[in-house]
Amino acid sequence: ALQCSTLEFLDPDATDDFDKAQRSDRWLSFHLDWAFWTPFVKRYHAESESLSGAAMTFEGVGSKGDTREQQTVPADDQLLPPRVHLSPGNHKYVVIRATKVSNADEELWFVRSASPEECGGPYHANVAQDLLNRLKSLGYSTTVMGGGRIDFLDNEEVSHAHVFGFSYGFGKGDHEKVANIIEENSDIIATSDMSDGLY
């Protein structure tokens, strides 16, 4: 991965007539001290130094039929996203099971709900995409275990989430399990309805 940290260029003089444009001697300089990927790059360098000469673990990435391989990096729990992230209102949700590639016995569960504006599209796959990418970059194998809808009321006194519905792409989530995950990882009171026909 390339991390650009400094960018410099001459600031051109503004003019209405392109033929009369002159070079300026003013330099514009921009420096990037930190970005969201900085911890990943630092971790990669630290891990690659400690793994030199050791066996590497590889995992297929991307969509179906993608045969590229990518080195998996052991995850640091401090870099993990929150287990529960709910957007206020009635939105689609996904429940994701993640296991460390190096230790498949340890399971982590994540619940995400998001509006189409937040996740970049109207489908359950859009809700899942960013979280799946982030977990894979941290060395986790992921599976979307289902989805549906969460009607989340974020209130100062009592916040409540109601889990229901289904996902055409991932199937119906285990709404009772999702409600338990929400309550175990937040101060939100969660209820669920497994009735068929609710979308």
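1. Let's start at D196, which is exposed, having a relative accessible area of 69%. The D196 side chain meets that of K172 in a salt bridge, 2.8 Å from N to O. The two partners come from distant parts of the chain, 24 residues apart: K172 is in the loop between strand 9 and helix 4, and D196 is in the segment after strand 10. K172 counts as partly exposed because its relative accessibility is 29%. A salt bridge here is a side-chain nitrogen of Lys or Arg within 4 Å of a carboxyl oxygen of Asp or Glu.

2. Some ground rules before you read on. This is a predicted model, so local features need pLDDT of at least 70 and side-chain atom pairs count only at pLDDT 80 or more, while totals for chains, interfaces and linings use all residues. Residues are numbered from 1 along each chain as its sequence is written, and side-chain values use heavy atoms, with hydrogens and water left out.

3. Now the overall layout. The protein chain has four helices and 10 strands. Helices (H or I, at least four residues) and strands (E, at least two) are DSSP runs, numbered from the N terminus. Read from the N terminus, the elements go β-β-α-β-β-β-β-β-α-α-β-β-α-β. Of the 199 residues, 33% are buried. Take the contacts (heavy atoms within 4.5 Å) between residues at least 6 apart in sequence: 61% of them join residues at least 24 apart.

4. Six strands make an open sheet with mixed pairing, in the order 5-7-6-8-9-10. Its edges are strand 5 (84-85) and strand 10 (189-192), each pairing on one side only. Two strands are said to pair if DSSP finds at least two bridges between them. As background, strands of a sheet pair through backbone hydrogen bonds, either parallel or antiparallel.

5. Going through some of the pairs: strand 5 runs parallel to strand 7 over two bridges, and V84 sits opposite V111 of strand 7. Strands 6 and 7 pair antiparallel over nine bridges, with Y93 and S113 as one set of bridge partners. Two residues separate strand 6 from strand 7 in a hairpin. On to strand 6 (residues 89-100) and strand 8, which are antiparallel over 12 bridges; there, T99 faces S141.

6. How many salt bridges does the rule give? The count is two. The other pair to look at is E107 with R97, whose side chains meet at 3.8 Å, N to O. E107 belongs to strand 7 and R97 to strand 6, 10 residues apart in distant parts of the chain. E107 has a relative accessible area of 41%, so E107 is partly exposed; R97 is partly exposed too, at 25%. In general, side chains of opposite charge can pair when their charged atoms come close.

7. Helix 3 (residues 124-137) deserves a look. This helix lies across strands 6, 7 (103-114) and 8, at about 30 degrees to strand 6. Axes are lines fitted to C-alpha atoms, for helices over the stretch in contact, and angles run from 0 to 180 degrees between N-to-C directions. Helix 4 (residues 175-184) also packs on the sheet, touching strands 5, 6, 7, 8, 9 (160-164) and 10, and its direction makes about 180 degrees with that of strand 10.

8. Which residues of helix 3 are buried? They are H124, V127, A128, L131, L132 and L135. An α-helix has 3.6 residues a turn, so residues three or four places apart point the same way. The buried residues of helix 3 pack against strands 6, 7 and 8 and helix 2 (116-119). Just past helix 3, G139 has a positive phi of about 90 degrees.

9. Finally, T142 in strand 8 (residues 140-153). T142 counts as buried because its relative accessibility is 16%. Leaving out residues up to four places away in sequence, T142 touches I96, R97, A98, L132, L135 and K136.

Note on methods
Buried means under 20% relative accessible area, exposed over 50%, partly exposed in between (1.4 Å probe, protein chains only).
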